[in-house]
Amino acid sequence: MNIKAKRLIQLKAYRQLVLSLLTIFLLLSVKSNGQTFLKAQGQFITDANGKKVLLRGMGLGGWMLQEGYMFRLGNVGQQYRIKAKIEEVTSPAYAQQFYDKWLTNHTRKIDVDSMASWGFNSIRLPMHYGLYTLPVDQEPVTGQNTWIEKGFALTDSLLKWCKANHMYLIFDLHAAPGGQGNDLAISDRDAAKPSLWDSQANQQKMIALWKKLAQRYANEPYIGGYDIINEPNWGFEKADDKRGTAETKNVQLRQLMVNITNAIREVDKKHIIIIEGNGFGNNYNGIFPLWDNNMVLSFHKYGNFNNDGSIQNFLKMSKEHNVPLWLGESGENSNTWFTEAIKLVEGHNIGWSWWQEKKIGTNNPLEIKLTPSYQKLLNYWNGKGDKPAQQEAIAALDEFLENIKLENTTYHRDVTDAMFRQVQSSATVPFKKHIVTKNATINAVDYDLGSQRMAYYDKDTSSYQYTPGVRTQGNRGRAYRNDGVDIEADDTGYHIFSIEDSEWLQYTIDVKAKGTYTVKLTVSSEAGKGKVSVITGGKSTSIPLAITVPSKAWHEVVVKGIKLDKGSNKIKVIADEGGFNFKSLKISKN
């Protein structure tokens with residue numbers, strides 16, 4: 001063999017080695033960094049390798065579809081009516097600019113990055129069909145579909161951000177053409193027009209939209225699935241069954257979901273099809289047998305007890321039909337309820353998606369600030385104030401548009417802590433760093449992060465509005481934190497009120513020098529009643545000190561002789577007798 005031939009053989013061998021190494025590198029990269037298509041495998045959602053995937057998601061309620069209650073406009077309701085209110089105080093041109101800016105500001109890459117950092121591995125996107133296609137009564141040619149690029153472009157951007165964070169994105173058609181139920185706000189339904197169920201044209205448009213979406217995203221493994229219809233609530237058998245909870249057959253709902261699935265499967269064989277029952281997702285009467293081998297049953301859970309009995313019906317369906325479950329929507333409650341609900345479903349290998357990332361209010365990770373200018377608008381829209389001048393209204397709405405940006409919201413660490421750390425651990429951690437050198441003031445509302453009976457004890461920790469005979473509400477003041485502790489705003493910040501007998505709060509403090517300290521509690525009692533104990537254990541001792549709280553005005557109750565060790569100490573303030581308010585505690589070294 002000549003030298004030239006030897007070199008050719010060596011070159012081929014080298015090229016083969018390089019290609020082999022490159023292939024191995026690419027395979028390892030995909031395995032370590034890539035996302036695989038999710039699939040239904042028996043009663044579990046798995047990746048392509050058969051590994052169980054537990055979805056921990058957040059819904060982007062309020063972005064593509066506004067519901068009035070999110071922004072203190074529950075009396076207005078649907079998004080199209082909110083837009084009309086904005087037009088009335090500004091102009092049609094400004095209202096359109098407002099909604100364009102809304103879509104730009106509400107959900108950005110920083111939101112997705114933040115959700116990933118908090119622990120979420122998926123996002124549920126509530127979609128408004130009107131961002132993707134025209135309503136049937138606005139189509140230039142009857143029966144045809146005009147596609148709008150705006151919705152697809154927004155979805156593309158969100159998918160890109162999800163990819164960057166290795167998060168699954170689940171499509172959720174929240175507002176279907178014509179509206180899918182009698183709860184008008186959740187689908188932006190105009191009740192004066194034909195509903196989804198009253199119009200074959202609306203149903204055909206919905207089917208076409210899902211086929212268009214599936215065709216566009218068929219090869220995207222970061223798409224976790226298609227939640228094809230959100231919370232249908234309709235009485236097909238009895239018109240007065242407004243919620244669809246009494247429906248026994250659900251013939252029309254099943255047929256529409258079958259038709260949508262067939263259209264999707266013409267262009268996409270890979271993605272999971274997620275279905276919801278009638279009665280806001282939970283009435284599956286007549287839906288079985290299933291019609292596809294890659295399906296997931298979604299159920300929604302709000303305001304009921306967190307025990308096996310509350311989900312037993314769905315567990316039974318999963319077992320009988322060998323299909324995975326997904327808690328597709330839940331939330332709108334207290335931290336205690338969140339922790340208990342997530343523990344419950346994860347204990348059954350069920351993933352979840354919470355509702356929602358941001359709104360006005362404390363029971364979500366991000367709180368949109370309620371400003372005086374926006375409150376003035378609300379007063380007018382709610383019939384409690386004068387109509388603002390056009391420029392004043394525009395200024396208020398422009399300010400609101402800035403306040404929906406993540407960096408201008410209030411992050412509620414207690415909410416995400418309850419959804420992740422507290423699900424796995426009963427340990428408490430400081431809500432804020434409380435360092436005691438010589439003197440320190442701790443706001444009463446800054447008690448430790450942790451669960452009920454660990455960081456605090458309150459007799460009313462959650463809302464069970466959908467449990468007959470139970471009327472509780474958690475934080476009665478709905479301010480500052482989302483635990484059961486009752487907190488309300490005052491002129492200088494916040495304080496704890498509605499304190500009942502035996503309720504208590506724990507504070508972890510970092511003491512720089514061992515010694516004897518004096519604790520002063522700032523308290524008040526309109527009823528002239530109340531007794532408290534301050535307990536600090538150090539490592540082995542505790543000193544209970546009962547103090548009477550007789551004054552209606554804020555004043556200090558002095559507790560002397562508190563022994564504190566150097567380093568971490570826990571102080572517990574106990575209401576031996578309730579009926580007082582609690583503002584702060586001051587700690588000073590003797």
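So, how much of this protein is buried? Of its 590 residues, 54% are buried. Keep in mind that this is a predicted model, so to speak a computed picture throughout.

Okay, the overall layout. We've got 14 helices and 25 strands in the protein. If you follow the C-alpha trace along its principal axes, you get spans of about 90 × 85 × 55 Å.

What about contacts? Take the ones with a separation of 6 or more: 73% of them join residues 24 or more positions apart. And for charges, there are 72 positive and 61 negative ones, with their mean positions 9 Å apart.

Now let's zoom in on one helix, α5, which runs over residues 149–164.

Which residues of α5 are buried? That would be G151, F152, L154, T155, L158, L159, W161 and C162. Here's a handy thing about spacing: an α-helix has 3.6 residues a turn, so residues three or four places apart point the same way.

And what covers those buried residues? Among the helices there, we find α3 (92–106), α4 (109–118) and α6 (200–217). Strands are part of the cover as well, including β4 (122–128), β5 (168–175) and β6 (223–227).

Note on methods:
Residues are numbered from 1 along each chain as its sequence is written. This is a predicted model: local features need pLDDT of at least 70, side-chain atom pairs count only at pLDDT 80 or more; totals for chains, interfaces and linings use all residues. Side-chain values use heavy atoms; hydrogens and water are left out. Helices (H or I, at least four residues) and strands (E, at least two) are DSSP runs, numbered from the N terminus. Buried means under 20% relative accessible area, exposed over 50%, partly exposed in between (1.4 Å probe, protein chains only). Contact means heavy atoms within 4.5 Å. Lys and Arg count as positive and Asp and Glu as negative; His and the chain ends are not counted. The place of a charge is taken as NZ of Lys, CZ of Arg, CG of Asp or CD of Glu. The expected span of a helix is 1.5 Å times one less than its number of residues.
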